[in-house]
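Subject: Structure handover

Hello,

Here is the structure for you to look through. Please open it alongside these notes.

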Amino acid sequence: MPADGGRATMRPMRQTVRNGFAAHAVVARAATWLALALLSGCGPTQFEAQPSIPTPLVTKIPVVVGLYIAPEFRDKVYSEKRDGGDYAIAIGKAQSDGFARLMDAMFDRVIPVAATDAGARTDPQIRGVIEPVLEDFAFVTPVDSGSDVYAVSLKYRITGYRPDGQIIDSWTFTGYGAAANKSMLGGGSEVLKKAVQLAMRDAAAKLATELREQAVVRGLLPAVPAAEAEAPVEVAPPPP
């Protein structure tokens, strides 16, 4: 046995073992960071829709209407599992605020009501009650289409009621929006948020264009004689 009792032989062995443990620790840390990165990449896509709806330049309809916004419309969160990820898009507040602002711009007076049959007992001047309903929310990602675009469609139904709650009629209209994946920093959820915003803007423009004619045709609003009509009121757009 050597004079050092084999300690000289053991030192290289211990160094080799330590090096092995160090290399294993490096690999373990790398695997951990990779797993965290993968988990964050597959995490949920969650955001609240932000409306960008300009106040329309329209002639106000000289009548008083009731506006009923149901809780499911006001609090709507669209949820879907797709592409290995979860989507949760809070659209309720944006669509409720946008719809109320449009109605205020289009009618002489808009009165919130607690139910579709509450018009008559809320205010005797109410000529009809309007209720918006989101019938469908759909979106397409670049993975779905094979293109570099996120696209969104929003299908709404407008139902008209007499002041006592009797249904008169309803009609639907759809808003569309699309945004290129490379058009915004951050990509992904930010681009999808922009597409939702554009779809809401398109839906608002169609509603502002069609509401008067549709409401009169369906009997929600009586045709107002020219003698009763007020001078046109232009609603200024919001400041830039």
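Below are the notes on the fold, the strands and the aromatic rings.

First, the ground rules. This is a predicted model, where local features need pLDDT of at least 70, side-chain atom pairs count only at pLDDT 80 or more, and totals for chains, interfaces and linings use all residues. Residues are numbered from 1 along each chain as its sequence is written, and side-chain values use heavy atoms, with hydrogens and water left out.

**Overall fold.** The protein chain has six helices and eight strands. These are DSSP runs, numbered from the N terminus: helices are H or I with at least four residues, strands are E with at least two. From the N terminus, the order is α-β-β-α-β-β-α-β-α-β-α-β-β-α. The chain has 240 residues, and 37% of them count as buried. Buried means under 20% relative accessible area (1.4 Å probe, protein chains only). Accessible surface comes to about 13,600 Å² (Shrake-Rupley method, 1.4 Å probe). Carbon and sulfur atoms hold 58% of that surface. Take contacts (heavy atoms within 4.5 Å) between residues at least 6 apart in sequence: 69% join residues at least 24 apart.

**Strand β2.** Residues 61-67 form this strand. Six of its seven residues are buried, so β2 is largely enclosed by the rest of the structure. Two strands pair if DSSP finds at least two bridges between them. β2 runs parallel to β5 (residues 107-112), joined by five bridges. There, Ile61 stands opposite Phe107. β2 also runs parallel to β6 (residues 126-140), with four bridges. Here Val64 faces Ile126 as its opposite residue.

**The three-strand sheet.** This open sheet has the order β1-β4-β3, with mixed pairing. Its edge strands are β1 (45-48) and β3 (77-82), each pairing on one side only. Neighbouring strands are turned by 10° against each other on average, direction ignored. β1 and β4 (residues 85-90) pair in the parallel sense over four bridges. Thr45 has Tyr87 in β4 as its bridge partner.

**Aromatic rings.** The structure holds six aromatic pairs. Rings of Phe, Tyr and Trp (its six-membered ring) pair if their centres lie within 6.5 Å; planes under 30 degrees apart count as stacked, over 60 as edge-to-face and the rest as tilted. The ring centres of Phe137 and Phe139 are 6.4 Å apart and their planes stand at 70°, so this pair is edge-to-face. Both Phe137 and Phe139 are buried. Ring pairs also link Tyr78, Tyr87, Phe137 and Phe139 into a cluster.

Best wishes

Note on methods
Buried means under 20% relative accessible area, exposed over 50%, partly exposed in between (1.4 Å probe, protein chains only). Axes are lines fitted to C-alpha atoms, for helices over the stretch in contact, and angles run from 0 to 180 degrees between N-to-C directions.
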